[in-house]
Amino acid sequence: MVKEITQADEKQRIARKVLEALPAWFGIEESREEYISECANLTFFAAYDDKNPIGFIALKETGKDTIEVYVTGILKEYHRKGIGRELFEKTKAVAKKQGYSFIQVKTVKMGIHDEYDKTNLFYRAMGFKEFEVFPTLWDKANPCQVYVMALN
């Protein structure tokens, strides 16, 4: 089950639970804490297994026509069970309803880290297209791949 979360402290509690359980993607404490902090003010959806949150997605407006998947995470034991797809489909529907034309996401470029290659494959499977790579946006060891999707 996916539902929108509106309370800032609940958003941060869920983000903390999930991101701290995913050190392969969110192991840099400073970055993880920034994601958790920012979630308080973003559109936020959580996926639940019964009453327990198992994943989330947070959205941030980056322009009048574009919304970004700012951060998302799903507990590893729930990977490859359709949770990410369910969260993303909800996100896409809400973004369309709110009048956005595009959705974007940033991740580490394919071929750099195995864990991020799985992330890239997920976004491609959702229909995202490669837009641009910023080789030093984060740092040289983690070139930033930007994916985009038209919402028409």
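1. How many disulfides does the count come to by the distance rule? A disulfide is a pair of cysteine sulfur atoms within 2.5 Å, and by this rule the count comes to zero. C39 is in no disulfide, and the nearest cysteine sulfur, that of C144, is 18 Å away. Buried means under 20% relative accessible area, exposed means over 50%, and partly exposed lies in between (1.4 Å probe, protein chains only). On this scale C39 is buried, with a relative accessible area of 0%, and C144 is buried with a relative accessible area of 0%.

2. Some remarks on the basis of this note are in order. This is a predicted model, in which local features need pLDDT of at least 70 and side-chain atom pairs count only at pLDDT 80 or more, while totals for chains, interfaces and linings use all residues. Residues are numbered from 1 along each chain as its sequence is written, and side-chain values use heavy atoms, with hydrogens and water left out.

3. The next point is the overall architecture. Helices (H or I, at least four residues) and strands (E, at least two) are DSSP runs, numbered from the N terminus. The protein has five helices and seven strands. Along the sequence their order is β-α-α-α-β-β-β-α-β-α-β-β. The radius of gyration of the protein is 15 Å, close to the 15 Å that the globule rule gives for 152 residues, so the protein is as compact as a globular protein of that length. This radius is taken over C-alpha atoms, and the globule rule is 2.2 Å times the number of residues to the power 0.38. Taken along the principal axes, the box filled by the C-alpha atoms is roughly 40 × 35 × 30 Å.

4. Burial, contacts and surface may be read together. Of the 152 residues, 43% count as buried. A contact means heavy atoms within 4.5 Å. Among contacts between residues at least 6 apart in sequence, 61% join residues at least 24 apart. The protein exposes about 8600 Å², of which carbon and sulfur atoms supply 48%. Accessible areas come from the Shrake-Rupley method with a 1.4 Å probe, and for residues only the protein chains shown count as cover.

5. As to charge, Lys and Arg count as positive and Asp and Glu as negative, whereas His and the chain ends are not counted. The place of a charge is taken as NZ of Lys, CZ of Arg, CG of Asp or CD of Glu. The mean positions of the 23 positive and 23 negative charges are 5 Å apart.

6. I57 lies in strand β3 (residues 52-63) and, at 3% relative accessibility, counts as buried. Which residues does I57 touch, not counting residues up to four places away in sequence? The residues are T43, F44, F45, V69, V71, T72, L87 and T91. I57 and E4 are 53 residues apart in sequence, while their C-alpha atoms are 9.7 Å apart in space.

7. F122 is placed in helix α5 (residues 114-126) and is partly exposed, at 28% relative accessibility. Not counting residues up to four places away in sequence, F122 touches G84 and R85. From C-alpha to C-alpha, F122 and R85 are 8.6 Å apart, although 37 residues separate them in sequence. R16 is found in helix α1 (residues 8-20) and counts as partly exposed at 30% relative accessibility. With residues up to four places away in sequence left out, R16 touches E33 and I36. The C-alpha atoms of R16 and R32 are separated by 8.2 Å, these residues being 16 apart along the chain.

8. Phi of D50 is near 65 degrees, a positive value in a residue other than glycine. D50 is placed in the loop between β2 (43-49) and β3, and it counts as exposed at 64% relative accessibility. For R80, phi is near 65 degrees, again a positive value in a residue other than glycine. R80 has its place in the loop between β4 (66-74) and α4 (83-97), and R80 is exposed, with a relative accessible area of 86%.
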